Amino acid sequence: MTDAETLSRGPRAYTAFIGIGLIAGLLSGLFGVGGGTVIVPLLVLFLHFNQRLGAGTSLAAIVPTATVGVVSYAINGSVAWIPALILAAGSVVGAQIGTRLLPKISQTVLRWFFVGFLVIVIVSLFLVVPSRDAEFELQLLNGLALLVVGVGTGILAGLIGVGGGVIVVPVLMLAFGTSDLVAKGTSLLMMIPTAISGTIGNLRNRNVDLLAAAIVGISACTTTALGAWLATLIDPVVGNMLFAAYLVVIAVQMAMKAIKGRKKKD
């Protein structure tokens, strides 16, 4: 039995799973993300999950979390249903590609890839100027662009265990001119089939701790609606800055982990 497996069955781990879920759910509702940017690094850093197991477990936990988030945003009419389905179609394909690549990439490479991913997200958060009044107009060209974005986010979902919200939300606002609330609600809907597809692939490769995913996911559901409600109250620019600051902390921690892993390998 590995260290991760031992920890994932102890009282300390159960408490940690619940705490991780509560935080992930709040951020999921607040920022329109699946919570993978919280779940993966915390599982790796505090419960010693390896990156592959953390990614697969996170992706499975995203399914119930995103579902509650979609309902919360849909109540306020903040979900673009057709664009979400187009994104989902691309992301389902991309998730299968990502999960097939996952077992072939080294732990250190995955960690650095995750750090690079977070840096891109952080920069994009400062470039995006959220608007509550913008509307999304679906046309042929931007529909095809949505499909491409979906494939790309699906690949990331399979590789690093995120539902794609941290890419889809800023892209919808910056490139497609969508309001921040609609971008968040649409992102959450898109990531449900993405996470399901990626989880199926990860199960085949034994990269999912189902018990951990269940506890994290159920815990996250209890705070997702609260996060969605807070999103309507907090100034969008302030919300972006807070999220960026948090991601900086996670990126630094992951970079340190990757450096340590490389030194051990050397």
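## Basis and confidence

The model is predicted, so that local features need pLDDT of at least 70 and side-chain atom pairs count only at pLDDT 80 or more, whereas totals for chains, interfaces and linings use all residues. Residues are numbered from 1 along each chain as its sequence is written, and side-chain values use heavy atoms, with hydrogens and water left out.

The protein chain has a mean pLDDT (the predictor's confidence in each residue, from 0 to 100) of 84, with 92% of its residues at 70 or more. Among the helices (DSSP runs of H or I, at least four residues, numbered from the N terminus, as are strands, E, at least two), confidence is lowest in α1 (residues 3–7), at a mean of 47, and highest in α10, at 94. Residues 1–7 have pLDDT below 50, and this stretch makes nine contacts (heavy atoms within 4.5 Å) in the model beyond near neighbours in sequence.

## Annotated spans

An unreviewed UniProt entry lists "transmembrane region" for residues 16–46, 53–75, 81–102, 109–129, 141–174, 210–231 and 237–256; such positions are given in the numbering used here, feature names are shortened, and annotations may be inferred rather than shown by experiment.

In the model, residues 16–46 are 87% helix and 0% strand, and the end C-alpha atoms of this span lie 8 Å apart. Residues 237–256 are 100% helix and 0% strand, with end C-alpha atoms 29 Å apart.

## Helices α2 and α3

Helix α2 (residues 11–31) packs against helix α3 (residues 36–47) at an angle of about 155 degrees, with their axes 10 Å apart; axes are lines fitted to C-alpha atoms, for helices over the stretch in contact, and angles run from 0 to 180 degrees between N-to-C directions.

On the α2 side the contact involves R12, A13, A16, F17, I20, I23, A24 and L27, and on the α3 side V38, I39, L42, L43, F46 and L47. These residues divide into 13 nonpolar, no polar and one charged, where Ala, Val, Leu, Ile, Met, Phe, Trp, Tyr, Cys and Pro count as nonpolar, Asp, Glu, Lys and Arg as charged, and the others, Gly among them, as polar.

## Helices α4 and α10

The axes of α4 (residues 51–75) and α10 (residues 210–231) come within 8 Å and cross at roughly 30 degrees, and the two helices are therefore roughly parallel to each other. Residues in this contact include T57, P64 and Y73 of α4 and A212, C221 and A231 of α10; the contact residues comprise 13 nonpolar, six polar and no charged.

## Helices α5 and α9

Helix α5 (residues 81–101) and helix α9 (residues 180–204) pack at about 20 degrees with axes 8 Å apart, and are therefore roughly parallel. Among the residues in contact are W81, Q96 and R100 of α5 and M190, N202 and R204 of α9, within a set of 10 nonpolar, nine polar and two charged residues.

Methods. Parallel < 35°, antiparallel > 145°, perpendicular 65-115°, else oblique.
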